[in-house]
Amino acid sequence: MTKIDIQQLIDFLEESREKSSEVTLTDVMGLAEVMTGSMGDIIEHIQPAVTVELAEIGAEIARMKAEISKLRVADMRDNHIPDAGRELDAIVSSTEEATHSIMEAAEAIMAADPEDIQAYQDTVNNQVMEIFQACAFQDITGQRISKVVSTLNTIDERVSNFVERLRLEQEAHNEQGGEETDEERRKRELILHGPQHKGEGVSQDEIDAMLGDVQQDDIDKLFA
Amino acid sequence: MALDLQMPILVVDDYKTMIRIIRNLLKQLGFTDIDDAADGTEAYEKMKQRRYGLVISDWNMEPMTGYELLKQVRQDAALCKTPFIMVTAESKTENVIAAKKAGVNNYIVKPFNAQTLKGKIEAVFAD
């Protein structure tokens, strides 16, 4: 190890110390890169094969650093994900407002006095117009949802590329029996699946059949 | 048996809009005494204070779900006979079977209409 190598190592450590007290993956990789580079001369004399290995490790680390920078984690954390959250909040808010307006109008129609035909007709017409206007929320929420989908696609693309290029093995969380979280346990124990997509789940007719004609023995057979 | 339109009905849902929808549908069907609760815990407390003729409950609520409320009601000697209809988006077979085993009187999958609600209430009181 030459004086230059040692100085490089010192510079790197001092620079890292000044930046932050937290050690990041990038710091560790940077340190490994400097170390492998600085030890090259020493090991070259001992065993040429080790030199080749170290060079390959160094190249691999450099490649990983490049891939991590392409992932643009800070961009996802600071921009894409908060933006998507704001869009979803806006969707919840606008659908709630629209539903409220529609229900207000419907309730006004229900409460209108049909004895006075002209007044009743005016009320119905005005409230129907309110309902039409409130339905405009669908256009805006559609655009907001498209933006969220676009964000998810961007994140998916970046992470997928990262995993692929680093040749990381896909983590089969469920198959390997990863530890169940409290939220997952609650959902399992209380049978919380949420709404099903079209064609999934059972229909009202099927439910009626299950509750009406099917006996307990038939239900028990489903579990056998 | 004719439906008693004056019987008190408890609607349990954590979405105010859904409570409002069910309230209006029940009003349209002629029911006049409608109360509501935002989750199973509040509903159970209300049920201990007042004798309801029917409970219409959502499944997925926090902290106590409609499924837990159903099981608790059926285990309570004073409340176990209360007719209980589940109105929920949970439409997996295992949900229906679990509700049936827990003693639900009927099960309506969301979204639903006034006719379905009316039909299920009538079916519960025809049994």
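The model is predicted: local features need pLDDT of at least 70, side-chain atom pairs count only at pLDDT 80 or more, and totals for chains, interfaces and linings use all residues. Residues are numbered from 1 along each chain as its sequence is written, while chains are lettered from A and ligands numbered from 1 in the order in which they are written.

- Chain B has 5 helices and 5 strands. Helices (H or I, at least four residues) and strands (E, at least two) are DSSP runs, numbered from the N terminus.
- The order of elements in chain B, from the N terminus on, is β-α-β-α-β-α-β-α-β-α.
- Among contacts in chain B between residues at least 6 apart in sequence, 63% join residues at least 24 apart. Contact means that C-beta atoms, placed from the backbone, lie within 7 Å.
- Of the 127 residues in chain B, 39% are buried. A residue is buried if 20 or more other C-beta atoms lie within 10 Å of its own, exposed if 12 or fewer, and partly exposed in between, with C-beta atoms placed from the backbone.
- The largest nonpolar core has 35 residues, of which I9(B), L10(B), I56(B) and M86(B) touch the most other members. Such a core is a set of buried Ala, Val, Leu, Ile, Met, Phe, Trp, Tyr and Cys residues joined through C-beta atoms within 7 Å.
- Leaving out residues up to four places away in sequence, I56(B) touches I9(B), V11(B), I22(B), I85(B) and V87(B).

**Chain B: T82**

- T82(B) sits in the loop between α3 and β4 (84-88) of chain B.
- T82(B) counts as partly exposed because it has 18 C-beta neighbours inside 10 Å.
- Neighbours within four places in sequence aside, T82(B) contacts Y52(B), V55(B) and V73(B).
- M47(B) is 35 residues from T82(B) in sequence, and their C-alpha atoms are 9.5 Å apart.

**Interface of chains A and B**

- The interface brings 22 residues of chain B into contact with 18 residues of chain A.
- On the chain B side, α1 (16-28), α3 (66-75), α4 (93-102) and β5 (106-109) each supply at least two residues.
- α4(B) gives the most to that side, with 7 residues.
- By class, the chain B side has 7 nonpolar, 9 polar and 6 charged residues. Ala, Val, Leu, Ile, Met, Phe, Trp, Tyr, Cys and Pro count as nonpolar, Asp, Glu, Lys and Arg as charged, and the others, Gly among them, as polar.

**Helix packing in chain A**

- Helix α4 (residues 73-111) and helix α6 (residues 137-165) of chain A pack at about 155 degrees, with axes 9 Å apart. Axes are lines fitted to C-alpha atoms, for helices over the stretch in contact, and angles run from 0 to 180 degrees between N-to-C directions.
- α4(A) and α6(A) are therefore roughly antiparallel (over 145 degrees).
- The contact of α4(A) with α6(A) has 11 nonpolar, 6 polar and 4 charged residues.
- α4(A) also packs with helix α5 (residues 117-134) of chain A, at about 165 degrees and with axes 9 Å apart.
- α4(A) and α5(A) are therefore roughly antiparallel to each other.
- From α4(A), the residues in this contact are A98(A), S101(A), I102(A), A105(A), A108(A) and I109(A). α5(A) brings T123(A), V124(A), Q127(A), E130(A), I131(A) and A134(A).
- The contact of α4(A) with α5(A) divides into 8 nonpolar, 3 polar and 1 charged residues.

Methods:
Contact = placed C-beta atoms within 7 Å. Parallel < 35°, antiparallel > 145°, perpendicular 65-115°, else oblique.
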